[in-house]
Amino acid sequence: MVSKDGDIMQSYVNRVSAWFRETYPDAVIETVNAGISDTATNFGLYRLEQNLMNTVGHDMPDLVFVEFTTNDFGYETQGMAEIKIQAESIFRNIWEHNPYAEIVMISTNVYEKAHSIAAYREVCEHYGISFIDVGGPLQKLKIEKGNENEKSGCLYYTADNLHPSANGYQVYFDIIKPVLAENLIGGEALINYRDNLPNPLSDKLIDNPMVITADKLTLSGSVGIMEGKLYAGMYGTELNVQRVGFENCYANITGESEIMATFSNSTLGILVDLSGVGFELEWQVDGGEVKSFYVNKNRFAFQLYEHPQVFMLEHYLDNTEHTVKIKFSSNTAIKLGGLIVNGGK
């Protein structure tokens, strides 16, 4: 995440990287900033391998920071139980790719009672992962300055009353640094976390997140397959924005349409582009209960700009084969990248 003024060079990501380089001047310190604004653990889990846990242009990450607190909390479609499943799945998928990776969970949420924070704390404690709250302390400092919401035009800790300014990022770094120094710097021999995992908290973990691309779906109505990807911007560690693509095609939905698919395992979601438009959908798994979901400007106003997003529909299906029927309704075009499922091992 970056501040509105684009001051990525002052972000906690770059400050931590600079500190590591100062601490280990003879080491090659490589940073991969794979954060995408306004996304939650569900999308982070799906794109984990593609955007981070790989060796495409960099070495496999040895230290991974995970931060989705505010966006997990802001989604009305996700409760504490679903966030726990996704966070735990992220941790275990990281260790599947690099069993020696250290993981740090960061919380930028200013609401101490947010259910995302409670979910993270429980999962982090179970796995012995450092949980660092930077949002709460930053909020307290804003209150102490007598300018809690920073709406007077005298911005200090934020650039836009939401994203941190250079001063805000300094607060983040001052909290993160001692935790890293105590737990990571000069520690003992590497630990193989994958071979020493505790029993999972959930029996519905997502161990192989994948997408059924649009061209693999059965489509009818006002919908057609289009070549091209859904794109999002990642700042990396420099001022330039890197556009990253997801999948190789999408379904262009322009009205009433129906989608059919068969999938295995317990998880179902949709990968869709939010471009200032809303939509409604109904879905039915195995001919059972008809459920509904909608996105409109009242519900997701802060996210309705061009970027891909994942919405999870089911977390608790049996680990068997299922058939889903999805009916879309929209007055404007929607780009559907495909269905998110747990592919299983």
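Which side chains meet in a salt bridge at 3.4 Å, N to O? Those of Lys216 and Asp215 do, a salt bridge being a side-chain nitrogen of Lys or Arg within 4 Å of a carboxyl oxygen of Asp or Glu. The model is predicted: local features need pLDDT of at least 70 and side-chain atom pairs count only at pLDDT 80 or more, while totals for chains, interfaces and linings use all residues. Residues are numbered from 1 along each chain as its sequence is written, and side-chain values use heavy atoms, with hydrogens and water left out.

**Overall composition**

- The chain has nine helices and 14 strands; helices (H or I, at least four residues) and strands (E, at least two) are DSSP runs, numbered from the N terminus.
- Of the 345 residues in the chain, 50% are buried. Buried means under 20% relative accessible area, exposed means over 50%, and partly exposed lies in between (1.4 Å probe, protein chains only).
- Among contacts between residues at least 6 apart in sequence, 79% join residues at least 24 apart; a contact means heavy atoms within 4.5 Å.

**The sheet of β1, β2 and β3**

- Three strands form an open sheet in the order β1-β2-β3, with parallel pairing. Two strands pair if DSSP finds at least two bridges between them.
- The edge strands are β1 (63–66) and β3 (130–133), each of which pairs on one side only.
- On average, neighbouring strands of this sheet are turned by 25 degrees against each other, direction ignored. Axes are lines fitted to C-alpha atoms, for helices over the stretch in contact, and angles run from 0 to 180 degrees between N-to-C directions.
- Strand β2 (residues 102–107) runs parallel to β3 and is joined to it by four bridges. Met105 stands opposite Phe131 in β3.
- Helix α6 (residues 115–127) lies across β2 and β3 and runs at about 155 degrees to β3.

**Salt bridges**

- The structure holds three salt bridges. In general, side chains of opposite charge can pair when their charged atoms come close.
- Lys84 forms a salt bridge with Glu122, and the closest N and O atoms are 3.0 Å apart. This pair links distant parts of the chain, with Lys84 in helix α5 (residues 80–97) and Glu122 in helix α6, 38 residues apart.
- Lys84 counts as partly exposed at 21% relative accessibility, and Glu122 is also partly exposed, at 34%.
- The side chains of Lys291 and Glu314 meet in a salt bridge at 3.0 Å, N to O. This pair links distant parts of the chain: Lys291 belongs to strand β11 (residues 290–295) and Glu314 to strand β12 (residues 307–314), 23 residues apart.
- Lys291 is partly exposed, with a relative accessible area of 28%, whereas Glu314 is buried, at 9%.

**Aromatic rings**

- The structure holds 13 aromatic pairs. Rings of Phe, Tyr and Trp (its six-membered ring) pair if their centres lie within 6.5 Å; planes under 30 degrees apart count as stacked, over 60 as edge-to-face and the rest as tilted.
- Tyr169 and Tyr172 form an edge-to-face pair, 5.8 Å centre to centre and with 85 degrees between the planes. Because they are three residues apart in helix α8 (residues 166–183), Tyr169 and Tyr172 are separated by about one helical turn.
- Tyr169 is buried, with a relative accessible area of 2%, and Tyr172 is buried as well, at 5%.
- Phe279 and Phe293 form a tilted pair, 6.4 Å centre to centre and with 55 degrees between the planes. Phe279 lies in strand β10 (residues 279–285) and Phe293 in strand β11, so the pair ties together parts that are 14 residues apart in sequence.
- Both Phe279 and Phe293 are buried.
- Tyr12, Phe65, Tyr169 and Tyr172 are linked into a cluster by ring pairs.
- Arg47 lies over the face of Phe43, at 5.6 Å from the ring centre. A charge sits over a ring if NZ of Lys or CZ of Arg is within 6 Å of the ring centre and within 35 degrees of the ring normal.

**Surroundings of Ser257**

- Ser257 lies in strand β8 (residues 249–264) and is buried, with a relative accessible area of 5%.
- Not counting residues up to four places away in sequence, Ser257 touches Ser220, Gly221, Ser222, Val223, Ile326, Lys327 and Phe328.
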